[in-house]
Amino acid sequence: MVIYKSREHNDYTIIIGCGRLGASLAASLSNRKKNVSIIDKNKEAFRKLSPSFGGLTLEGDATYIDILKEAEIDKSTVVILVTNNDNTNIMIAQMVKELFGIKTVIARLYDPERECVYKEFNIDTICPSILSANKIDELLNIKNGESIYA
Ligand code: AMP
């Protein structure tokens, strides 16, 4: 594998899962000239990346340590877990925290009830259903500065 840029210790993000969220995050970081790699077990998933994406793509199952090593996990500062499986996300999150000492690990979590498990391991989570519910609530309560329920 060829690493195109040397990884600076203060700027290397690995995204795991190249679905719509992963691809869009990758594009956003790449546009801001951040060093970024994205891993997905299905190479077709990389078609979601924007043509301007300047990072590295790696095909493979990120539950395997070899693929993480290939992505130079030891040099990463941030790992973002956005596969479509909560169990996969938590398993990889624990692995990168414990084996590689990655400080900033953020995981998407579909089931909010599992949040306590992530908290225990000091893993930041984002839960789309909670975020959406909060946003809808906000829109319902404040429409043109007034509550629609007033
Ligand atoms: P989405 O549900 O659209 O956000 O997509 C999630 C992505 O995660 C899909 O492209 C899957 O192929 C990918 N994915 C799921 N499990 C793994 C895994 N163990 N390693 C790498 N990528 C994965």
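**Around the ligand**

Let's start with the ligand: 16 residues surround it, and the closest are Asp 40, Lys 41, Asp 61, Ala 62 and Arg 108. Keep in mind as you look around that this is a predicted model. Sort that shell by class and you get four nonpolar, seven polar and five charged residues.

Now zoom in on a few of those neighbours. Asp 40 brings a polar side-chain atom to 2.6 Å from an oxygen atom of the ligand. Arg 108 also works through its side chain, where an N or O atom is 2.8 Å from a ligand oxygen atom. With Ala 62, look at the backbone instead: one of its N or O atoms there lies 3.0 Å from a nitrogen atom of the ligand.

How much of the ligand does the protein bury? On its own, the ligand would expose 510 Å², and the protein buries 86% of that. As for where to find the ligand, it sits in the largest pocket.

Finally, a word on confidence. Across the chain the mean pLDDT is 89, with 88% of the residues at 70 or more. Residues 1-6 are another story: their pLDDT stays under 50, and the model gives them 10 contacts beyond four places in sequence.

Note on methods
Residues are numbered from 1 along each chain as its sequence is written. This is a predicted model: local features need pLDDT of at least 70, side-chain atom pairs count only at pLDDT 80 or more; totals for chains, interfaces and linings use all residues. Side-chain values use heavy atoms; hydrogens and water are left out. A residue is near a molecule or strand if one of its heavy atoms lies within 4 Å of it. A polar contact is a pair of N or O atoms within 3.5 Å; within protein, one must be able to donate a hydrogen and the other to accept it, and residues adjacent in sequence count only if both atoms are side-chain atoms. Accessible areas come from the Shrake-Rupley method with a 1.4 Å probe; for residues, only the protein chains shown count as cover. On a 1 Å grid over the protein atoms alone, a cavity is a set of points where a 1.4 Å probe fits but cannot get out, and a pocket is an open set with protein on both sides within 12 Å along at least five of seven lines; lining residues have an atom within 4 Å of a point. A molecule sits in a cavity or pocket if more than half of its atoms lie within 2 Å of its grid points. Ala, Val, Leu, Ile, Met, Phe, Trp, Tyr, Cys and Pro count as nonpolar, Asp, Glu, Lys and Arg as charged, and the others, Gly among them, as polar. pLDDT is the predictor's confidence in each residue, from 0 to 100. Contact means heavy atoms within 4.5 Å.
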